[in-house]
Amino acid sequence: MSNGTRIDPEEREPRAIKIRQPKHKGRKIVIAVLCAVLVLALGGGVFAFIEYGPDFLDFTTVFISTGTPSESEEPAEDEPLQSSQPEIPEEPVSEPEQVVTEEPIEEDPEHEEDVDEPEVPAEPPKPEIPKDEWFMILVNKENPLPEGFTVETAVIDGSNHAVDTRIAADLSAMVAAGNEAGLDFVFYTAYRSVEKQNELFAAGKTDVPGGFGEHNSGLAVDIGNAGNADFSGSAEEAWLLEHAHEYGFILRYPEGKEDITGFKHEPWHFRYVGREQAKLVFESGLCLEEYLAQ
Ligand SMILES: [Zn+2]
């Protein structure tokens, strides 16, 4: 039995060893884990440096700065991470790629210009003013009729006045349309020869000498209604102000244009410029001097 008791300590020793062995194993495991962590950390660092190169340091600064935004500025200046900042200028080297991306953007404006180009010719639908045409001649106190000017005239239907033969049809059409609207027009003056103009000028009945009056051209008419050479405020005046341009006539001396035309407002004086131009002058709101000066 004594042997058996001796064995006990022997049995206790292995028990102690068994207790110590786990301790050694635990240390080894800890060391192994630490080594593994170090290897992984070093390996990861090397891999990151190889993979991202100098940018890896920048990445660490970003990572640190994002971790502590309030302190991000200070460590960037003091810590060795600052060494990565001088390498930042290398980033612009990669920026040229952005410049390359801008080139296709430049192509877009070209396409837009192509789109705009058809719009540009669409803008000048303005027909060129036929300033040299007979119906666009400018006659005023500063611009007399050309020397040797002559005009063929025709008597206006239902009156003893005459106009340029070429405008007689439009004038008759305008009068007929007004008559259908229940209006009655009376012509007080139309074509007036240069000789007649000079007689009136010599008599002091006009301040416009021969050749400087629009009535000398055969393109102007003074229209009133029955009994009123000045039909201001009448239905005939209102109708002409709205429809005269449809037949090629414009109000020649509008209110507010006295300084340009040289004449006070004459509600009765209408001038022929052709239907197309009359519409444009009417819509422009300009007097003839302004319209021709465009
Ligand atoms: Zn007149």
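Start with valine 221: leaving aside neighbours within four places in sequence, its contacts are Val163, Leu171, Phe187, Ala190 and Phe270. Val221 also turns up in the largest nonpolar core, a set of 31 residues, as one of those with the most contacts inside it. Keep in mind that this is a predicted model. Overall, the protein chain has 11 helices and six strands, and 20% of its 294 residues count as buried.

**The core**

- Besides Val221, the residues with the most contacts inside the largest nonpolar core are Phe249, Ile250 and Phe270.
- Several elements give two or more residues to this core: the helices α6 (168-180), α10 (275-284) and α11 (288-292), plus the strands β4 (220-224), β5 (249-251) and β6 (269-272).
- As background, nonpolar side chains in soluble globular proteins tend to be buried together.
- On the scale of the whole protein chain, take the contacts between residues at least 6 apart in sequence: 61% of them join residues at least 24 apart.

**The sheet**

- Four strands make up an open sheet, running β3-β4-β6-β5, with antiparallel pairing.
- β3 (186-189) and β5 sit at the edges with a single partner strand each, so one side of each has no neighbour in the sheet.
- From one strand to the next, the twist averages 40°.
- β6 pairs with β4 in the antiparallel sense over three bridges, and β5 and β6 also pair in the antiparallel sense over three bridges.
- Which residue of β6 is the bridge partner of isoleucine 250? That would be arginine 271, and alanine 220 stands opposite arginine 271 too.
- Along β6, His269 and Arg271 point one way while Phe270 and Tyr272 point the other way, yet all are buried.

**Helix α10**

- Which residues of α10 are buried? Gln277, Ala278, Val281 and Phe282 are.
- Those four cover an arc of only 135° around the axis, so they end up on the same side of α10.
- Glu276, Glu283 and Ser284 are exposed, and they lie on the face of α10 turned away from its buried side.
- The cover over the buried residues of α10 includes β5 and α11.
- Just after α10 comes glycine 285, with a positive phi of about 75°.

**A closer look at glutamine 277**

- Glutamine 277 is found in helix α10.
- Why does glutamine 277 count as buried? Because 23 other C-beta atoms lie within 10 Å, and the cut-off for buried is 20 or more.
- Glutamine 277 and glutamate 246 are 31 residues apart along the chain, and their C-alpha atoms are separated by 9.9 Å.

Conventions
Residues numbered from 1 in each chain as written. Predicted model: local features only at pLDDT ≥ 70, side-chain atom pairs only at ≥ 80, totals over all residues. Core = buried A, V, L, I, M, F, W, Y, C linked by C-beta atoms within 7 Å. Buried ≥ 20, exposed ≤ 12 C-beta atoms within 10 Å, placed from the backbone. Contact = placed C-beta atoms within 7 Å. Pairing = 2+ DSSP bridges. Arc of directions from axis to C-beta. Axes fitted to C-alpha atoms, helices over the stretch in contact; angles between N-to-C directions.
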